[in-house]
Amino acid sequence: MTQPIPPITEDDIAQYLANSPDFFERHASLLAAVQLTSPHGGRAVSLQERQAEMLREKIRGLELKAAEMMRHGKENTAIADKLQRWMRELLLVREARDLPRVAATELSAQFLVPQVGIKVWGVSTEFADEDYAQGASQDAQAFAGSLAVPYCGHNPGLEAAQWLVDPSSAQSLALIPLRAGAAPEAFGLLVLASPDPQRFASDMGTDFLERIGELTSAALSRLRPVVAAATE
């Protein structure tokens, strides 16, 4: 018995046409005879018209992608400019004791953060009486040390929120640990707060906040005691 011939499928036809680019050259009359349904209004159009519509749609899609890339590029440039201005102000600080105040003030001004607070511990004795060097409990210091990445989310009544001028209005927080290089322990905590519950959402990316933490840590390292190098 002969095996039945399997029916030709749409995939078979599509593959044949893809592998036979000269098919429509040999059957040019089909190009004018084929009628397709336009997605715009449901009217019948020729194959050439449908191809032109598809091409226009593809061009529009590429234009939208290009516009989105340009928008993201402008946003990234704006963020980079703000970061540069913030760092410039830190570099211009002459007195080390003024660094936390300038860091907080400029973060608030450049990035429109309603409230910013900073606490540091283990500072040199000459800075021990400053407000930013006092008031962080052992629990708060341990919490800061436990953060591998910044905490972002709602304000559950954490101690760090009490360091703000108006803790009750802080609906969302970003808590950024301050560390000396790759040291596991933290020597401070940077608090960003907003009355907008979604400003610092729990699912937001933290890469930029981590960079802010690294730069703040480097600047505030001037407050810490100088550790003499070990000698033989």
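Started in β6, where I found that valine 191 is the bridge partner of glycine 117. Helices (H or I, at least four residues) and strands (E, at least two) are DSSP runs here, numbered from the N terminus.

Ground rules before going on. This is a predicted model, in which local features need pLDDT of at least 70 and side-chain atom pairs count only at pLDDT 80 or more, while totals for chains, interfaces and linings use all residues. Residues are numbered from 1 along each chain as its sequence is written, and side-chain values use heavy atoms, with hydrogens and water left out.

**Confidence.** I checked pLDDT, the predictor's confidence in each residue from 0 to 100. The protein averages 87, and 87% of the residues score at least 70. Residues 228-232 stay under 50, and I found zero contacts there beyond four places in sequence; contact means heavy atoms within 4.5 Å.

**Strand β3.** I looked at how β3 (residues 115-120) pairs: six bridges join it to β6 (residues 188-194), and the two run antiparallel. Strands pair if DSSP finds at least two bridges between them. Next I asked which way the side chains go. Gln115, Gly117 and Lys119 point one way from β3, and Val116, Ile118 and Val120 the other way. In a regular strand the side chains alternate between the two faces of the sheet. Six of the six residues of β3 are buried, so the strand is largely enclosed by the rest of the structure. Buried means under 20% relative accessible area, exposed over 50%, partly exposed in between (1.4 Å probe, protein chains only).

**Helix α5.** Glutamine 110 lies in α5 (residues 99-111) and counts as buried at 15% relative accessibility. Its side chain makes a polar contact with that of arginine 85 (3.0 Å). The term covers N or O atom pairs within 3.5 Å; within protein, one must be able to donate a hydrogen and the other to accept it, and residues adjacent in sequence count only if both atoms are side-chain atoms. Beyond its neighbours within four places in sequence, glutamine 110 is in contact with Lys82, Arg85 and Trp86. Just after α5, I noted a positive phi of about 55° at leucine 112.

**Aromatics.** How many aromatic pairs does the structure hold? I found one. Phenylalanine 111 and phenylalanine 208 sit edge-to-face, 5.5 Å centre to centre with 65° between the planes. Rings of Phe, Tyr and Trp (its six-membered ring) pair if their centres lie within 6.5 Å; planes under 30 degrees apart count as stacked, over 60 as edge-to-face and the rest as tilted. Phenylalanine 111 is buried at 14%, whereas phenylalanine 208 is partly exposed at 33%.
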